[in-house]
Amino acid sequence: MHDSFSIGPDLYPGTLVKYIKEKDHVDLYTSHNVVLRISIITDNILRFRYSTESFFQPDFSYAINPEFVGGFSEFRCEDKSDVIIVKTKTIICKINKQTFNKTICDIQGTVLNEDEKGFHWEPHPSYGGEIVKMCKIVQEKEHFFGLGDKPSSMNMKGKRFKLWGSDVYGFKREQDPLYKNIPFYIGLHHDTAYGIFFDNTFSTHFDFGSERRSASSFWADGGEMNYYFIHGPEMLHVVSRYSHLTGVPELPPLWVLGYHQCKWSYFPESKVVEVAENFRKLKIPCDALYLDIDYMDGFRCFTWDLDKFPKPKKMVSNLKDQGFKTVVIIDPGIKVDDQYDIFNQAFERGYFCKRADGPYMKGKVWPGDCYFPDFTNPEVRTWWAGLFKELIEDIGVHGVWNDMNEPAVFETENKTFPDDVRHNYDGNFCSHRKAHNIYGMQMARASYEGVKKFAYPNRPFLITRSLFAGTQRFSSAWTGDNLATWEHLWLANVQCQRMCISGYSFIGSDVGGFIEQPTPELYVRWIQLATFHPFFRTHSSGDHGDQEPWSFGKASLDIVRKYIELRYQLLPYLYSTFYQYIHKRIPFLRPLYLYDQQDPDTHFRDDEFLCGDHILVAPVLEPNSRGRYLYLPKGTWFNYWSGVSLDGGEEIWEDLDLNKIPLYIRAGAVIPMYPIQQYVGEKEIELLTLHVYYSQEKVTSYLYEDSGDGYDYKRDQFNTIQFTVRSNHTFITLTQSINGNYKPSYDVYEIIIHGLPFTPTLTHLDNNPENIVIQKDGTKLILKTNREFGEIRLSVDS
């Protein structure tokens, strides 16, 4: 109990004095002028917002999706002798009248989360305001996951982290902080999960039993103690509800899920042409080529170096004719140059950030001395969006890549803006201490609005290095300036999984490593991993040699080509998985603990994951591997390469060579595949292959299809297709339910059935006997049918 107002430097709320229940929240007042507002967001989400001044400042958040609509079916508030009880349909929150600590239970009374010291604070000695703190009890066998791109094992128990977006060139394992700021984590104990989203943009800190094993805590160097509690009980539910709260992206164009090639830098134009020709000559599928800062005139944003690229519009058009989309980099630093139109526009309109005493925020980045737009100003964002007209609409560039937007500054002690830089913050004026972690987000937001406007009627594509929770509404991301090492291959695997469970599924790494040059073996293994990541791009620094797929010899090239081709075959599956991410808010990559949280053997496993619903990936992360152990989770799984089925729930060994990584398909799955293309749209799809995997359990799979670009899908021109497999030892049925108005280019399915334990003698199509032509290929059966069938049944004559 906290009988006094302060303990050491920390101040505490005191005891409950009164409470006032409103329609969707309850305000609780204490003896030391603290107010706690508990808002009922949904039946499964509560918001806790504390004020130490007896009133609340204006409510504002960049993270919460403006289109989010809450709502709840039940909200009751009960006054007991020692506690106030706030109850929804699924959550019970008890507030102790003496300590002001909270205990949150599910409706059955199981404790989910409870305060230890609870809310407390201390006055900030340098800046005023408060350092706000929350301390929780670590439950028995509790584990913690999330926080975005942290370069460490996914289970965070016993660790401490900081969120302060930082430009960390060649970061190391366990280095903290990094580029991204996602103050969301998941707690798991007693087979039940919950989430906490700390919506505070100051420098924030999280301790998961590092200082004291019995306590977890989170705190911020300013602002409010303002967090959301998200009830599960499944981890998948927690991530989905968090994604509902903070938003998801719009559907990307299909080509974005293809392979991308990037380098710092491809120039002059003849080099870009050479790279493009090599891809097509060597028949390596590729959809996008990137131009780094050297395409600009002296690194001035929105300009072209006409000596290196004399006719950029023609070059971009020629690349498009070969199936390549052009993506260009744009940084936030604007060169101080009174002969530079972009600089003059921003200077004359007062769009650049200023220091507290009035001077402009000047810092050195690639162009030399630069000023920096204040992207937290809505007027600046509108201006910035308009600058993309020439690049996108006139020249024909297809996507934009925002870099250096932590914001990064050279030759300064902390490699970013000083704390006293002032920001508009959408009318909530503040210092850089509050705006730093969302600067990259607001740049990405402004860039997204411009690309979207001028790319129309096509869909936009944006990639960003720095971000805050909610940036997923605007942009994809990559993990930053990594190294060509085996450790960084492990990190790429872990970071992409962490980002996905943190609500940010559109993520990838620089394949092969940005810094230094990978060995052929390392590059092959990275390609094999990234084939199953949402964003698939090789990127490297030219200082360290070439890193195109043909740079490592023919043997490596053949393997790399094989996996990139597999990526293109899997595009309908990956596109459908992305649709699930958007519409069901399910992560694209799913760690084993997300797949089966009740299995304790999954809680510390970092290197295996599911891509979508049905593909289990176990990448090879060590050199000279001739095999590896992997854990098959619950269920039955088919080895993709051999077709052999195995029961899950145990560790297995798999022999390997460089040509393979362990891939397993969930029994009962239907995996749709395209024919191999050199780029999306190269050929009209005339036949879709469905790989059906035998199972004695009922399993459902999904296929989403539309035109692959444009906005006809928002006018109901799309299909959602549900496949269901039912089987036993004498029959297998495949049913299909098609919803939608889209007419694809193909009329025929090729259906390949794997692992069927009998040879069928009877076939029925939509309940009618049908003489379907069936071919046998080893353990596989192959048949073709019209795409609009309702049910196919294969059986033996009893």
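Contact here means heavy atoms within 4.5 Å, and helices (H or I, at least four residues) and strands (E, at least two) are DSSP runs numbered from the N terminus. Hi everyone, with that settled: this is a predicted model, where local features need pLDDT of at least 70, side-chain atom pairs count only at pLDDT 80 or more, and totals for chains, interfaces and linings use all residues. Residues are numbered from 1 along each chain as its sequence is written, and side-chain values use heavy atoms, with hydrogens and water left out.

Let's start with two helices. Arg381, Trp384, Ala385 and Gly386 of H5 meet a set of residues in H7, including Gln442, Met443, Arg445 and Phe454. By class, this contact of H5 with H7 holds 5 nonpolar, 4 polar and 3 charged residues (Ala, Val, Leu, Ile, Met, Phe, Trp, Tyr, Cys and Pro count as nonpolar, Asp, Glu, Lys and Arg as charged, and the others, Gly among them, as polar).

Is serine 505 buried or exposed? Serine 505 has 0% relative accessibility, so it counts as buried (under 20% relative accessible area, with exposed over 50% and partly exposed in between, using a 1.4 Å probe and protein chains only). You'll find serine 505 in the loop between helix H8 (486-501) and strand E33 (507-508). Its side chain reaches the backbone nitrogen of phenylalanine 588 at 2.9 Å.

Lysine 23, in the loop between strands E3 (16-21) and E4 (25-30), counts as exposed because its relative accessibility is 76%. Not counting residues up to four places away in sequence, lysine 23 touches Phe72 and Phe75.

Terms used: Polar contact = N/O pair within 3.5 Å; in protein donor to acceptor, adjacent residues only side chain to side chain.
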